[in-house]
Amino acid sequence: MSTEQKIARPESLQPLLRKRYSTRSFLDRPVDLEILGRLFEAARWAPSCFNEQPWRFVIAARHANREAFDAIASTIVSGNSWALQAPVLGIAIANLSFARNGKPNRWAQYDTGQAMAHLTFQAQAEGISVHQMGGFDAPKAQQVLGIPADHDAIAAFALGYPTDPEPPPNASRRDLESILFLGAYGEAWRSH
């Protein structure tokens, strides 16, 4: 079996997972502050090591604060210029030190990713698409957004109402045998 194949999304997935995709085209429609609050409330309830909650977010809405939006937009690389049409841009940030003792938190980025996943699925439930991006200038984001040195700008994201609310029918994904192992790395999970 090849490690990549085109497949229909499995019916066994929860509907929010089955319909989630990273759109590159957004309606020119602002996202209400109340809805944004619900998205970040979902992120707030993500699990984290020692309940540290290391995630932080800087967001800006294009229609509400163009100067702040342009500051975040200035960090997006040219290959992701499609994101500049989104009504909201943001940067996900991880606090790299434990508040409880000041020691390095090696799970901060993982936990921040969990918070983004929670936000993403709440957004999906609200009819909003979130497209996360590694294609941004993290050092510039640190500077222009005033992010403290002991925090790490780990991802940019665009969110808004997609022009097409349904995902493409097929998505290229690695087959399960190439990502899931039983007992040891490389041990096929289905061979046992």
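The model is predicted: local features need pLDDT of at least 70, side-chain atom pairs count only at pLDDT 80 or more, and totals for chains, interfaces and linings use all residues. Residues are numbered from 1 along each chain as its sequence is written, and side-chain values use heavy atoms, with hydrogens and water left out. Helices (H or I, at least four residues) and strands (E, at least two) are DSSP runs numbered from the N terminus.

**Sheet**

- An open sheet is formed by four strands in the order E2-E3-E5-E4, with antiparallel pairing.
- Strand E2 (55-61) and strand E4 (129-133) stand at the edges with a single partner strand each, so one side of each lacks a neighbour in the sheet.
- From one strand to the next, the twist averages 25°.
- E2 pairs with strand E3 (residues 88-95) in the antiparallel sense over seven bridges.
- Within E3, Ile 93 is the bridge partner of Arg 56, and Ala 92 is that of Phe 57.
- On the E5 side, Gly 90 has Phe 157 as its bridge partner.

**Burial of E3**

- Eight of the eight residues of E3 are buried, that is, under 20% relative accessible area, as against exposed at over 50% and partly exposed in between (1.4 Å probe, protein chains only).
- Val 88, Gly 90, Ala 92 and Ala 94 point one way from E3, whereas Leu 89, Ile 91, Ile 93 and Asn 95 point the other way.

**Helices on the sheet**

- Helix H2 (residues 33-44) lies across E2, E3 and strand E5 (151-160) and runs at about 165° to E2; axes are lines fitted to C-alpha atoms, for helices over the stretch in contact, and angles run from 0 to 180 degrees between N-to-C directions.
- Helix H4 (residues 108-125) touches E2, E3, E4 and E5, and its direction makes about 150° with that of E3; contact means heavy atoms within 4.5 Å.
- In helix H3 (residues 66-73), the buried residues are Phe 69, Ile 72 and Ala 73.
- These residues cover an arc of only 100° around the axis, which puts them on the same side of H3; the arc is that of the directions from the helix axis to the C-beta atoms.
- The buried residues of H3 pack against E2 and E3.

**H2 and H4**

- The two helices pack at an angle of about 140°, with their axes 7 Å apart.
- H2 contributes Arg 38, Leu 39, Phe 40, Ala 42 and Ala 43 to the contact, and H4 contributes Ala 115, His 118, Leu 119, Gln 122 and Ala 123.

Technical notes: Two strands pair if DSSP finds at least two bridges between them.
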